[in-house]
Amino acid sequence: MSSLPRRVKSEAKAHTSEEELPSFLNSSSESEEEEEEWEPKSKTAKRPQLSKKNEAKTKKVAASRSAVARKKVKKVAVKEEMDVSLPIAPAEDNRMQLLKPKEEHASTKRKTLNQNPDMRKKVEINSFQGKNAKSFESDEKPSTSVPVVGNQVKHEKSEEDFAADEPPFKKIKSATCPEGKPVKNLGGKIKEEFEMNWDIVQALSEITNVEPWVCANLIRLFQEENTIPFIARYRKELINNLEADALREVQQALEELRTVAKKTHTMIQKLKKEGKLSGCLLTALLNCRTLEELDHVSAPYKTGSKGTKAQRAKQLGLEPAALSLLQNPMELNLFSYIRPNTKGLSSIQEVEAGVQHILADIFAKDKDTLDFIRKLCQQRYICIQSALAKVSSKSGNEKDIDKFQLYHEFSCNIKTIQHHQILAINRGENLKILTVKVNIPDGVKNEFCWWCVNERWRPKQFLKPELMRILRNSVEDAYKRLIYPLLCREFRSKLTSDAEKESVMMFGRNLRQLLLTSPVRGRTLMGVDPGYKHGCKLAIISPTSQILHTDVIYLHSGQGFREAEKIKRLLLQHNCSTVVIGNGTACRETEAYFADLIMKKYFAPLDVVYCIVSEAGASIYSVSPEASKEMPDLDPNLRSAVSIARRVQDPLAELVKIEPKHIGVGMYQHDVSQTLLKATLDSVVEECVSFVGVDINICSEILLRHIAGLNANRAKNIIEWREKNGPFINREQLKEVKGLGPKSFQQCAGFIRFNQEYIKTFCSKKSELGSHALLTKAGAQGKKKSKPTPCASQQPNPLDQTCIHPESYNTAMRFLSFIGGNANDIGKSDMQQKVNAAIQKEGLEGTAKRLNTTVHTLQLIIDGLTQPEGFDIRTDFDKPDFKRSIVCFEDLSVGTVLTGKVENATPFGVFVDIGVGKAGLIPVRNITEAKLSKVKKRRSLGLGPGERVEVKVLNVDIPRLRITLDLIRVL
């Protein structure tokens, strides 16, 4: 055994000092020698012994180092023991403390972490760990115990800083399920197979342009199953106040990086099995950050299909000839390979062709050659061109062909082409209306061929003219047949991927704007689902969304006058003065009909107004199981009229019932990745529902499903609990619901509201009933009646009606006592005055320090205490555009000024409904920062669905039904 430590020492010298150190400091460049040292199988057998005794022999490994390194190692040992206790520093409000810059009340240890230089180093820890475990065998697994330069390891403790207040190991199981290894300190549970040469925090920061410390915090927060709404509202100090959209972007980028790590690992295992894995290749694979890079590195090693020309030539035994042409051409005699009776070898021409195919295959799979051609392409003008396909011009549908008129002869530089243009070209190509090609100039080919023949593949000896001709032909063949198509695929793939992402993000922004349209409360509404043959479906709903009446009227079959009487009677009977018309078939005729009656004051004394609302998805919803459950006795056609009316009364509550992609505010939504689209849209819906909040005692199960931390099952359990036990009295009672554990409670509690008046009334009634039952009845029955008394003792908490999270209730109560306020005065002007006085006296930061909390948390507490009861964030946003008259398409003339409502936003412009049956387009160049309102609270940059605008008509194209508009101002 005495020889073992020496072996370990010598190995450690080779691996730890020379391999890990550079890999940590420079993750991209590792020399081939180092890689080859730890890759071969010969060392695999010895390594497990080291892994078992790794911690015990840390000092021995260190002994072989310089004196400086040794001192640093000693520091490390001390630091490591402190690791566990340092990160978690819980604050007053039981909140997890991650990396928090600019926090005055932090402890000395935390202050050290708060400095920016440290922040960068801290983030680099993962790269150290990545290098450490990249060695495939489980040797240096507990990377915390492998000593490196002192300050590198010293900062490992900050990795722990990302931990939640809850025991981190409870989350390990779920955190290791996603592909990849986001953070280091999950110890032995994380498999080394997902570790890469790059640091995931740094990579994420570079991709998303978010500070590394924020990325590190987000990785940990996502790992611990925190939802985007929860992070965006209650963990602002940990994420530098990022918006939900930015969080989604980071989450998607993180998933992509983990996918790359997983696929890289799979490829490494495959190549290892095939015996093709060299140290240098392993480094290249572990350096890949995107799937494109991974493809690029692994392409030469993929087993090609057996039918390639090169494969067939190799089977004929021509590979030695091809290699000889490059290595030792003087001794090559191609005539010796001729076999008159064998196909492919029967003549000198066939032999030459076979050698050429093998050489072309070698060139096309060579990494340096591909690197050179890619670099060359970056410096040149490469354009994508589309043209009308010959087949489609003969046999295609003329209407479809006209749609792509812009792209019949289109050419654009791949660096400047717009996302919507890529998606349009792709769709035209799929419909076989367009042909698309990437045009790489001839200069690229000429320079590439010269470089191959004279530099990269220059023969080692003099080449006879006939062999030189074969070499030149091989290079040209490799470019034309193999490399050019590969480059085209790469360019198209990258452009499409970027365009799809932009399309999905745009859809998400539009959807949010639509969902947050301001509700129209306190009105009785008549919803109209227009139609010709089957009539217009009517539904009248009360201010509380109850269905008062449903009917069918036939306005467009010569019975219009008779039906007007019925409509008037219904409107007067229910005192309804607002009509909501769906924008589907017969919408304009129905609108004209109502506008005419309103102009004639037919509905007097009622002052009736109407609005047009999108009915996208209404018909799908009307036949869904949810609609059948909600309106079991109603005909599906009438359900859509109810849905149309409710979309104005409470857009969010109604639109969440419909699958987001059917709402129709996207661009090329059916052409993009459906998985990415669904994930993004579901996340946007969750964000909107959570930020608006729901009243737990009256909201529907469907709405409840979309609250952060809840799902269909938990929502169903909440409703069942409510039906069985009566209304919820306070947030704490949520913990009694089956399936709602501490994590779910933490995520959803802040977004659930309680109407205090309703609860107080219920509690007083319940206590009366309970005492009455106890007095009047005895025995088992009496006991049954008295069962609710424990619930009656549950006291309502006034803070439950606010956006303050239960974890901050202690801080909120201390703040109330500090300002001399009372919890029962929440939302009253008295409270506002007291808060203002306290903040003016000490300032926000001073007050936060005094309460031992963060400025963000204090701001949230102040908002919760001062917002009036029943506050709704949507009140700042636009209401539907109510009208009394109509304009026709033919009435439009250039220069006409109109008001309209934004229907959809795309990267090339904004579509506005100006009430003529066809939306007009404001091109993106006409939307400038100066024209957008500075005062208005904007939900996203630029214009979005639901906003009211004043526009001027620039052009009317009647044959193509196109209207071009200019934006005057946002109303």
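User: Which residue is the bridge partner of serine 386 in S3?

Analyst: Valine 436 is the bridge partner of serine 386 in S3. A word on the source: this is a predicted model, where local features need pLDDT of at least 70, side-chain atom pairs count only at pLDDT 80 or more, and totals for chains, interfaces and linings use all residues. Residues are numbered from 1 along each chain as its sequence is written, and side-chain values use heavy atoms, leaving out hydrogens and water.

User: What makes S1 and S3 a pair?

Analyst: Pairing takes at least two bridges found by DSSP. Strand S1 (residues 383–388) and S3 have six, in the antiparallel sense, so they count as paired. Strands here are DSSP E runs of at least two residues, and helices are H or I runs of at least four, numbered from the N terminus.

User: Why are S2 and S3 said to stand at the edges?

Analyst: The open sheet runs S2-S1-S3. Strands S2 (409–413) and S3 (434–439) each have a single partner strand, so one side of each lacks a neighbour in the sheet.

User: Why are the buried residues of H40 said to line one face?

Analyst: Buried means under 20% relative accessible area, exposed over 50%, partly exposed in between (1.4 Å probe, protein chains only). In helix H40 (residues 809–819), Tyr809 and Phe815 are among the buried ones. The buried residues fall within an arc of 160° seen down the axis, so they line one face; the arc is taken from directions between the helix axis and the C-beta atoms. Exposed Asn810 and Ser817 sit on the face turned away from the buried side.
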